[in-house]
Amino acid sequence: MKVVQGIDVSDMTRFNPDQRAPLWWGILGLITIESAVVLTFCVSYMYLAAYAEAWPPSGESAPPMLWPSINLGLLMLSSLTMYLGGRAIKRGNQRGLAIGVTASVLLASAVLVLRSLELMAYEFSWKDHAYGSIVWTISGFHYVHVTSIVFGSAVVAILAWRGYFTQQRQIGVVVDTNYWYFVCFAWIPFYLLLYWGPRVYGQ
Amino acid sequence: MTFEKPTNSRDVIDSPEETSRLERTWHSPGGLLGWFTHVNQRMIGKRFIITAFCFFLLAGILGILIRLQLAGPEQKLLGPELYNQFFTMHGTVMMFFFAIPVMEGFAIYFVPLMVGSRDMAFPRLNAFGYYVYLIGGIVLFGSLLLSMAPNAGWFNYVPLSSKLYSPGYGVDVWTTMITFIEVSALTAAVELIVTTLRMRAPGMSLNRMPLFVWAALVMSFMIVFAMPAVIVSSTLLILDRLVDTQFFIVESGGEPLLWQHLFWYFGHPEVYIILVPALGMISTIIITFTRRPIYGYTALVLSVVAIGFVSFGLWVHHMFTTGLPQLGMSFFTAASVTIAIPSGVQIFCWIASLWGAKIRFATPMLWVLGFFAIFVIGGLTGVMVASIPFDTQVHDTFFLVAHFHYVLIGGAVFPLIGATYYWWPKITGRMMSEAAGKWSFWLAFIGFNVTFFPMHQLGLEGMPRRIYTYVEEMGWGDLNLLATIGSLVLATGFGITLINAVWSVFRGRRAEPNPWGAPTLEWAADSPPASYNFRHIPVVHSRWPLWDWDTDRERAVVTGLRNDRREVVLTSILDAKPVGVQVLPAPTIWPFVSAVAASMGFIGIIFHPIFFVIAFFLVAFTLVAWFWPRRPWRND
């Protein structure tokens with residue numbers, strides 16, 4: 001049997017423009033898995049709340065709203081700076097990318113500081129009751145994720161300042177940005193549950 | 001761009017220099033240190049398969065010891081503590097360390113070959129997943145030698161598994177290693193999904209994809225959605241044990257049933273995660289040994305997808321005796337019975353395919369026929385226990401033990417052994433002995449039924465599961481003795497396959513590229529395949545490319561891939577049109593280093609939470625080293 005040329009791929013792109021890259025699908029896979037974890041935590045919270053006699057337990061008050069709301073704002077703002085950085089490199093603006101990612105890293109670092117102070121001020125421990133356990137676990141889960149995006153994106157920022165990313169070579173930015181969005185937006189259901197939840201359940 | 005058969009295309013002529021250059025580009029480094037750098041999908045797949053079968057052997061030995069303990073009333077072979085450890089380890093290892101990894105191993109090895117790719121989407125992640133699995137398995141089994149093994153059952157129900165009732169490190173080992181190994185399963189799942197969706201040979205549209213690849217795809221999606229639940233439940237349990245959280249402690253507002261919901265939300269799909277790839281193996285074998293297109297390709301695909309969906313709605317049927325609301329339980333009965341419909345569609349499509357065909361009763365086909373007999377019985381008892389009144393009667397008896405061994409061994413292990421005989425020549429380049437294969441099958445088939453069929457009766461007579469002994473007056477002695485004899489016959493049957501496999505590697509008849517006359521692409525590669533899988537990526541025009549090649553005069557291939565670096569074709573999801581070329585990374589030690597760093601964290605937290613923090617940063621640094629771009633940066 002003769003082997004003949006069917007398709008010639010010599011002129012096709014070797015870069016990964018956006019969604020065509022396997023890495024984009026890979027990060028989507030990670031986000032899907034982690035979203036399932038987020039959802040499972042939320043369901044566990046609601047399950048414990050539904051079977052509790054009082055939520056939060058009598059003697060406890062729901063945690064204050066101010067600082068977590070500011071954190072929500074900071075995380076949304078950091079998503080915006082991340083988005084602007086990504087848009088800059090799509091136009092080939094390397095400096096714009098570096099500034100955008102660095103700003104995001106700084107904003108998320110501020111969130112870490114504020115969250116640390118807030119957690120230290122919690123009046124209950126994870127050892128006290130199931131309510132304390134789930135609040136601390138969800139908080140810890142999200143805290144670790146913010147730490148990881150700060151670390152990962154700091155590396156992206158270093159590479160960006162060194163001019164590694166270009167209009168074509170930007171898949172690293174795309175996947176980092178997507179994961180950044182996930183971590184920031186995962187705060188929304190957690191924020192609603194942890195801070196609005198007890199006020200709704202408590203009525 | 002077209003996928004029609006090319007007209008007036010120029011011939012592709014291979015030069016030996018080009019081939020040897022391709023070999024140099026794709027070969028895996030030799031030596032001991034080189035072993036830790038391999039990223040090739042066939043290497044990784046083979047390691048998964050061999051390691052998983054080692055765990056099958058070890059867990060099987062535990063099973064035999066359990067049967068010997070139960071052979072007669074008031075035996076003294078194992079004490080209650082050892083017995084608890086053995087049945088916990090038997091279940092845990094079989095489910096987590098054998099069944100899933102072996103299915104993923106076969107998928108990792110064969111999916112890229114079946115879709116006509118040179119490797120998978122994330123070769124380094126693949127290697128990482130294997131090391132995680134290997135380390136996790138060694139630690140779990142090592143715990144048995146250190147008398148630290150888990151002993152609260154593979155389901156680890158709280159409060160039995162709480163610190164109060166299970167002191168010591170056993171349950172800690174279970175929860176951490178289960179979470180750890182899920183990382184491995186999840187990496188492989190994402191890898192398989194992306195490879196299947198984006199790296200198929202040009203022209204292999206979704207409706208031309210081999211049925212095993214469909215099954216592996218569904219299995220991977222199920223893993224992605226099921227495993228997070230067990231990760232969360234294990235995390236909550238380890239936190240309860242390690243830092244005194246109160247998730248499952250009733251006095252502090254905790255809910256023990258939350259554990260069961262989370263565990264079975266994962267645990268039920270788990271059964272189908274194991275079954276679904278086996279269904280793909282069966283279809284593959286039936287196509288080849290009837291040598292005609294399968295009946296109802298679309299129905300088979302849709303029913304596998306349906307099984308994947310419905311399996312997520314059944315978990316409460318494991319909890320009928322926990323006192324849930326009646327309406328909820330009725331819903332789960334209905335859902336449990338519903339899954340018999342897509343399963344039935346599969347069986348009827350296979351019967352229709354076999355009907356009137358000239359079947360070749362080679363060894364792989366025998367194991368498939370054995371599956372029919374055993375799985376149908378397991379399915380029928382499954383419909384029985386899905387009914388609340390019946391389940392209330394037989395709950396926690398040997399009837400359940402009989403039922404799930406019929407489903408799991410019949411549904412997964414028999415097809416798996418058949419698939420091993422079927423694909424062995426591709427993996428090793430040698431044929432396994434047919435005569436020994438037939439002996440192995442008949443001994444295993446008879447031994448299996450002698451072992452597990454009497455357990456139905458024992459269950460109906462009221463013998464509870466998880467007891468380490470019983471008194472003579474109960475009258476369970478004869479059937480238990482029979483079951484133990486059966487288990488020895490079953491083990492002999494599997495043992496013959498093991499000897500056959502090892503023997504054939506050295507002495508087996510050399511295999512041609514396509515010894516069974518199969519139609520799918522993996523048989524277009526050499527036996528065993530070259531490091532680059534295919535000299536030329538084929539262009540596909542139908543579901544049965546190799547049968548087409550028997551009749552066609554010309555065979556179209558992809559040209560233009562560079563041979564001095566690892567390039568693969570990227571195609572579109574639905575119709576597999578080429579859209580670009582992906583350059584894959586080369587071998588490296590970093591996945592291994594990362595896995596070691598991660599394992600430090602998972603093993604460490606058994607003893608102290610601080611290891612989580614240390615390992616977190618260690619892993620982060622190893623990942624940076626793994627991904628750090630090396631100059632010169634690629635500019636084309």
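Two salt bridges are counted between chain A and chain B of this predicted model, a salt bridge being a side-chain nitrogen of Lys or Arg within 4 Å of a carboxyl oxygen of Asp or Glu. Side chains of opposite charge can pair when their charged atoms come close. In one of these bridges, the side chains of Arg14(A) and Glu567(B) meet at 2.8 Å, taken from N to O. Glu554(B) forms a salt bridge with Lys2(A), with 3.6 Å between the closest N and O atoms. This pair crosses between the chains, linking strand β1 of chain B, where Glu554(B) is placed, to strand β1 of chain A, which holds Lys2(A). Helices (H or I, at least four residues) and strands (E, at least two) are DSSP runs, numbered from the N terminus. Glu554(B) is partly exposed, at a relative accessible area of 29%, and Lys2(A) is partly exposed at 37%; buried means under 20% relative accessible area, exposed over 50%, and partly exposed in between (1.4 Å probe, protein chains only).

The model is predicted, so that local features need pLDDT of at least 70 and side-chain atom pairs count only at pLDDT 80 or more, while totals for chains, interfaces and linings use all residues. Residues are numbered from 1 along each chain as its sequence is written, chains are lettered from A and ligands numbered from 1 in the order in which they are written, and side-chain values use heavy atoms, with hydrogens and water left out.

The interface was also described by contact and area. Contact (heavy atoms within 4.5 Å) involves 52 residues of chain A and 72 residues of chain B. The two chains bury about 5,500 Å² between them, of which 70% is on carbon and sulfur atoms; buried area is the accessible area (1.4 Å probe) that two parts lose on being put together, summed over both. On the side of chain A, the residues that lose the most area to chain B are Gln5(A), Ile7(A) and Arg14(A), which together make up 14% of what that side buries.

Across the interface of chain A and chain B, 16 residue pairs are in polar contact, with both residues at pLDDT 80 or more. A polar contact is a pair of N or O atoms within 3.5 Å; within protein, one must be able to donate a hydrogen and the other to accept it, and residues adjacent in sequence count only if both atoms are side-chain atoms. Two or more residues of the side of chain A that touches chain B come from each of β1 (2-8), α1 (22-51) and α4 (130-161) of chain A. Of the elements on that side, α1(A) gives the most, with 15 residues. The residues of this side comprise 27 nonpolar, 17 polar and eight charged, where Ala, Val, Leu, Ile, Met, Phe, Trp, Tyr, Cys and Pro count as nonpolar, Asp, Glu, Lys and Arg as charged, and the others, Gly among them, as polar.

The chains also meet through strand pairing, which requires that DSSP finds at least two bridges between two strands. β1(A) pairs with strand β1 (residues 554-559) of chain B in the parallel sense, over six bridges. Within β1(B), Val558(B) is the bridge partner of Ile7(A), and Thr559(B) is that of Asp8(A). Five of the six residues of β1(B) are buried, leaving the strand mostly covered.

Over all chains, the count comes to 13 salt bridges. Within chain B, the side chains of Arg241(B) and Asp172(B) meet in a salt bridge at 2.7 Å, N to O. Arg241(B) lies in helix α7 (residues 211-242) of chain B and Asp172(B) in helix α6 (residues 170-198) of chain B, so the bridge ties together parts 69 residues apart in sequence. Both Arg241(B) and Asp172(B) are buried. A further salt bridge joins Arg291(B) and Asp550(B), whose closest N and O atoms are 3.4 Å apart. Because Arg291(B) is in the loop between α8 (256-290) and α9 (297-310) of chain B and Asp550(B) is in helix α17 (residues 545-551) of chain B, this pair ties together parts 259 residues apart in sequence. Arg291(B) is partly exposed, at 46% relative accessible area, whereas Asp550(B) is exposed at 56%. Salt bridges with shared partners join Arg14(A), Arg565(B) and Glu567(B) into one network.
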